[in-house]
Amino acid sequence: MYVEQRELDDPELDDLLGAAFAELVTRYGAEGRSQVQPGATYLVAVVEGQAVGCAALQAATEDSGEVKRMYVRPAYRGRGLARALLKALEQTGRDRGYRSIRLTTGNRQPEAIALYESSGYAETPRYGKYVDQLWTHCYSKALS
């Protein structure tokens, strides 16, 4: 397994992003997804030549980033791929000079909550469009 950067027009990345959205719809309904900002960095986890997971990092503020589009295909879960993607996003953030990273997830994604908490992310007050979404959990982590 390895993690590499891909461009948004990459067909395998596009397929992963579509699968991620389809899964969110089954968990939360078709509420729409938040946009990823232009200039975000997309990473893909590759196993045996196949793209099986993705994640993105976008700027949140001048010195912080935000994780978006974290997803691993169900058949590949439980192998540490999401954790590897998260570590790669954190390194990308350090490389950009970010002091912290933030993210959001929902209460219908207990596996994501467990990953973030076990990776050193602390729950924070909801922010932005998530303030009134009681099912949303927001997290942040300082980067060293």
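Trainee: What makes Glu-48 count as exposed?

Mentor: The relative accessibility of Glu-48 is 82%, and the term exposed is kept for values over 50%, with buried meaning under 20% and partly exposed whatever falls in between, all taken with a 1.4 Å probe on protein chains only. Since 82% is over 50%, Glu-48 is called exposed. Bear in mind that this is a predicted model, in which local features need pLDDT of at least 70 and side-chain atom pairs count only at pLDDT 80 or more, while totals for chains, interfaces and linings use all residues. Residues are numbered from 1 along each chain as its sequence is written, and side-chain values use heavy atoms, with hydrogens and water left out.

Trainee: Is Arg-69 buried or exposed, and how do you know?

Mentor: The relative accessible area of Arg-69 is 18%, which is under 20%, so Arg-69 is classed as buried.

Trainee: How do you know which class Gln-50 belongs to?

Mentor: Gln-50, placed in strand S3 (residues 50–61), has a relative accessible area of 42%; as this value lies between 20% and 50%, Gln-50 is partly exposed. Leaving aside neighbours within four places in sequence, Gln-50 is in contact with Glu-12, Ala-45 and Tyr-76, contact meaning heavy atoms within 4.5 Å. Gln-50 and Tyr-2 are 48 residues apart in sequence, and their C-alpha atoms are 10 Å apart in space.

Trainee: Why is Tyr-42 called buried, and which residues does Tyr-42 touch?

Mentor: Tyr-42, which belongs to strand S2, has a relative accessible area of 8%, and because that is under 20%, the residue is buried. Not counting residues up to four places away in sequence, Tyr-42 touches Glu-4, Gln-5, Arg-6, Leu-8, Leu-13, Leu-17, Val-36, Ala-55 and Ala-56.

Trainee: What classes do Lys-87 and Arg-94 fall into, and on what values?

Mentor: Both residues are placed in helix H2, Lys-87 as well as Arg-94. Lys-87, at 53% relative accessibility, is over 50% and therefore exposed, whereas Arg-94, at 30%, falls between 20% and 50% and is therefore partly exposed. Arg-94 touches Leu-143 and Ser-144, residues up to four places away in sequence not being counted.

Trainee: How do you know how compact the protein is?

Mentor: The protein has three helices and seven strands, running β-α-β-β-β-α-β-α-β-β from the N terminus on. Its radius of gyration, taken over C-alpha atoms, is 14 Å, close to the 15 Å that the globule rule (2.2 Å times the number of residues to the power 0.38) gives for 144 residues, so the protein is as compact as a globular protein of that length. Buried residues make up 45% of the 144 residues, and among contacts between residues at least 6 apart in sequence, 63% join residues at least 24 apart.

Trainee: What makes a space in the model a pocket rather than a cavity?

Mentor: Rolling a probe the size of a water molecule over the atoms shows where empty space is left. On a 1 Å grid over the protein atoms alone, a cavity is a set of points where a 1.4 Å probe fits but cannot get out, whereas a pocket is an open set with protein on both sides within 12 Å along at least five of seven lines; lining residues have an atom within 4 Å of a point. The largest pocket holds about 1000 Å³, the volume being the space filled by probe spheres set on points joined across faces, edges and corners.

Trainee: Which residues line the largest pocket?

Mentor: There are 40 lining residues, of which Leu-24, Met-70, Thr-104, Thr-105 and Gln-109 lie nearest the centre of the pocket. The elements giving two or more residues to this lining are helix H1 (11–28), strand S4 (64–72), helix H2 (81–95), strand S5 (100–106) and helix H3 (110–118).

How values were computed
Helices (H or I, at least four residues) and strands (E, at least two) are DSSP runs, numbered from the N terminus.
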